[in-house]
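Here are a few friendly notes to read alongside the model. Please keep the structure open as you go through them.

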Amino acid sequence: MHVPDIRIETDRLILRPPRIEDFDAYAANMADLEAARFIGGQQPRALAWRGFLASAGAWMIQGFSMFAVIEKASGQWIGRLGPWFPDGWPGTEVGWGLARAAWGKGYALEGATAAIDWAFDHLGWDEVIHSIHPDNKPSQALARRLGSACRGPGKLPAPYEDSPTEIWSQTRNQWRARRAVA
């Protein structure tokens, strides 16, 4: 087995599968109470390692997972985003979680747009969802900017079954129509 050699470039970002050299920044992000609040919660390094390997394992087994987000200007890991569909998940998701230093720069919109294009073009998905905590107003705003609409409450699998979530979504046809106008 091998991880696909995928590299998506946007104006300011590189999206690629995670590498071992990304782990320190990933662990720091998961240790940041505010940055990790809506992506599984603050985690000690050992637990962050398991989450990091779950993403790498998804690349090996499913052929996709969240991309490492690399800022072109600095070469630094600034987050993760992209396709995510673990067992029991409420749909084919394109999600995001960026380091706090990357917030407010438009990176999530830029990267998520490229990741949604990739999910529809290369994975053949008919729909993308975003599972968003009802208190996560910045992610709701991003979902709206991407063209997704809230379709109501959703249910995540264990161990997140008690965490409230709303499912935001759009179909491939909706995405394509919106992109054709842009």
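**Notes on the predicted model**

1. In this predicted model, the end C-alpha atoms of residues 13-173 lie 26 Å apart, and the span is 37% helix and 26% strand. Helices (H or I, at least four residues) and strands (E, at least two) are DSSP runs, numbered from the N terminus. An unreviewed UniProt entry annotates residues 13-173 as "domain: N-acetyltransferase"; such annotations may be inferred rather than shown by experiment.

2. A word on conventions: residues are numbered from 1 along each chain as its sequence is written. Local features need pLDDT of at least 70, side-chain atom pairs count only at pLDDT 80 or more, totals for chains, interfaces and linings use all residues, and side-chain values use heavy atoms, with hydrogens and water left out.

3. The chain has six helices and eight strands, running β-β-α-α-α-β-β-β-α-β-α-β-β-α from the N terminus. Its C-alpha trace spans about 40 × 35 × 35 Å along the principal axes.

4. Now to a helix pair: α4 (residues 107-122) and α5 (residues 137-146) pack at about 50 degrees, with their axes 10 Å apart. Axes are lines fitted to C-alpha atoms over the stretch in contact, and angles run from 0 to 180 degrees between N-to-C directions.

5. Which residues of α4 and α5 meet? From α4 come A108, L109, A112, T113 and I116, and from α5 come L142, R145 and L146, contact meaning heavy atoms within 4.5 Å. These residues divide into six nonpolar, one polar and one charged (Ala, Val, Leu, Ile, Met, Phe, Trp, Tyr, Cys and Pro count as nonpolar, Asp, Glu, Lys and Arg as charged, and the others, Gly among them, as polar).
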